[in-house]
Amino acid sequence: MLKEFFKSKKNIVMASILAVLLIAFIVCSIAVKADCPLCGGEGEILTVKCVDCDGTGKTDGYYGTFMSLAAPIIAIALALITKEVYSSLFIGVVIGGLLNATYNLPKTMDFIINDGLIEAVKGTAGIFIFLVILGAMVILVNKAGGSLAFGRWAQKNIKTKLGAIIATFVLGVLIFIDDYFNCLTIGSVMRPVTDGHKISRSKLAFIIDATAAPVCMIAPISSWAAAVSTSVKGTDLEGGSSIGLFVSAIPFNFYSILTLIFIVVIAIMGFDYGKMAGFEIKAHKDGDLGAIEAEEKESDARADGRVLDLVLPIVVLIVACVIALIYVGGFFGETVWYNEADLGDDYTDYTGNFIGAFSNTDATVGLPWGALIALIFTIVYLMCRKAISFKEAMDSIPKGFIAMVPAILILTFATALKNMTGLLGSDVFVENLLAGADGLKLFLPAIIFIVACVIAFSTGTSWGTFGILIPIVLSVFGSGDGVIATIGISACLAGAVCGDHCSPISDTTIMASAGAQCNHVDHVQTQLPYSITVAGVSFVSFILAGVLTAIADWAAYLAIPVAIALLVGTLFVIKYITKKKEGQEA
């Protein structure tokens with residue numbers, strides 16, 4: 001059995017990495033002494049000796065050290081090397097449990113099961129419901145022939161590959177309410193169009209991913225804007241309010257803005273590079289789109305379907321989700337799942353306040369709300385039109401669940417890994433890292449951008465990243481720092497989106513793979529060169545913006561057109577190098 005295991009190079013690599021890490025952990029467990037998380041390194045609590053560290057202020061654990069990021073880094077490395085996502089994420093969760101329990105096996109199991117997997121399912125149950133319902137809707141629409149009809153319409157009206165890419169991009173920009181909703185909706189709607197023009201599923205996944213979080217992060221009315229405004233609520237910094245601060249930070253969110261420009265420019269220039277180029281060549285020459293077909297086969301779909309069978313359910317889904325999100329946020333008054341007595345003095349009445357309701361909403365509750373209404377409507381509508389029978393409608397629900405099982409599994413493991421990282425005090429480690437950076441104020445936005453990228457990439461959560469960093473950034477910059485403080489917030493948000501965009505354990509990345517129905521690791525590997533290109537230009541832009549504030553606050557805005565020009569110039573250089581390399585190989 002062992003001989004068979006070690007015949008595979010991937011297994012040898014994985015075993016070697018784990019062996020090296022095990023030795024490193026044993027060494028570190030002897031050498032590392034972190035601040036006690038209970039007393040904060042003080043050794044006592046209210047003059048009483050701390051029981052956790054016995055008054056020393058130190059603990060044998062890894063809380064608040066670099067090792068708090070070790071588990072996700074290992075999981076990501078294994079996923080990229082072996083292309084085995086499930087096992088890599090699970091190994092990361094196990095390592096996180098071992099570090100939290102300082103190698104006590106019964107405690108390790110407690111951390112893995114209770115704090116990891118059970119909390120992951122509990123915290124994302126609403127998104128699981130949303131995924132299953134959306135999967136069922138995709139099966140229903142496909143069975144009724146809606147996707148086939150839309151594909152026929154698209155072939156007549158969208159005649160070029162460029163048109164298909166731009167149409168997907170525009171739809172992604174228009175659906176700015178929520179990134180989960182964006183990923184799965186665009187995928188189900190645009191797959192027939194991009195397939196017809198031989199665009200690889202990896203390219204579709206990139207466009208979906210690149211118009212999800214980046215769009216939501218620069219849209220004042222979105223679940224992301226609500227999350228950010230909650231993190232900065234009550235500050236007097238530039239803008240005077242949490243939403244005002246978010247809006248003032250939009251122009252300097254270089255990564256989000258440049259990502260959208262990148263899609264359009266590279267589509268117009270008509271070239272790809274990195275691993276994406278290989279997938280596009282295979283799609284164009286061999287017709288191999290790299291698809292994981294989880295949807296109904298075309299032979300099972302009705303030939304007399306209408307475009308309305310696809311468009312109407314999607315429109316109802318959008319409208320229902322928006323109404324549900326503001327309902328959950330309190331737009332129509334007190335909701336059924338909380339009341340003023342439960343929230344006490346912190347309760348705020350958002351009746352009739354659209355933006356306020358969005359800042360108070362919970363997407364894990366609102367999206368299943370809207371999706372369930374849309375599912376019921378879709379079943380009734382298609383049955384009334386006699387496009388499907390009641391039995392076919394009921395059969396579509398478990399099929400939709402099965403189609404979303406890979407995404408649900410990855411999301412469960414990824415969330416469990418985030419939980420392990422949070423318990424190890426990654427936020428404390430980052431706060432200590434930035435504590436001595438005050439003397440580099442002009443370069444601080446660029447530093448914040450890199451730190452946010454690393455955290456979001458390692459933890460797979462942009463919301464968690466800016467939730468950790470925004471209070472720290474606000475404490476570093478004073479209320480009189482002006483535009484440089486706004487640029488610092490923008491860098492935090494941009495870095496969070498960038499790291500999340502690149503990370504294989506990010507829920508948005510997972511949703512993009514599910515929406516495009518492509519291999520998850522293929523999506524990550526093809527997207528990375530594109531994301532790194534935009535990240536590099538963004539880093540330089542943050543340095544430039546910070547330096548320009550030394551001249552005047554208004555001068556910082558000059559960095560925006562310079563950033564756009566730098567990105568376009570970089571793409572022209574990459575195209576020239578790519579073409580030259582292809583010529584030499586030919």
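Tutor: Happy to. Contact here means heavy atoms within 4.5 Å. Please keep in mind that this is a predicted model.

Let's begin with G290, which sits in the loop between α15 (275-286) and α16 (308-328). With its neighbours within four places in sequence set aside, G290 is in contact with R201, Q517, C518 and N519.

Now to the rings. A pair of aromatic rings is described by the distance of the centres and the angle of the planes. The structure holds 12 aromatic pairs. For F271 and Y273, the ring centres are 5.9 Å apart and the planes lie at 25°, which makes the pair stacked because the angle is under the 30 degrees cut-off. F271 and Y273 are both buried. They also belong to a cluster, linked by ring pairs, with F206, F262 and Y530. Elsewhere, F279 has K282 over its face, at 5.3 Å from the ring centre.

Finally, the surface. A nonpolar patch there consists of Y86, F401, I402, V405 and L409, with about 430 Å² of accessible area together. Helix α20 (residues 390-423) supplies the largest share of this patch, four residues. I402 is found in helix α20, and its relative accessibility of 58% is why I402 counts as exposed.

Notes:
Residues numbered from 1 in each chain as written. Predicted model: local features only at pLDDT ≥ 70, side-chain atom pairs only at ≥ 80, totals over all residues. Heavy atoms only, no water. Patch = residues over 30% accessible without salt bridge, like charges linked within 9 Å, V, L, I, M, F, W, Y side chains within 5 Å. Areas by Shrake-Rupley, 256 points an atom, 1.4 Å probe, with all protein chains shown as cover. Salt bridge = Lys/Arg side-chain N within 4 Å of Asp/Glu carboxyl O. Helix = DSSP H or I, 4+ residues; strand = E, 2+ residues; numbered from the N terminus. Buried < 20%, exposed > 50% of the residue type's maximum accessible area, 1.4 Å probe, protein only. Phe/Tyr/Trp six-rings, centres within 6.5 Å; stacked < 30°, edge-to-face > 60°. Lys NZ or Arg CZ within 6 Å of the ring centre and 35° of its normal.
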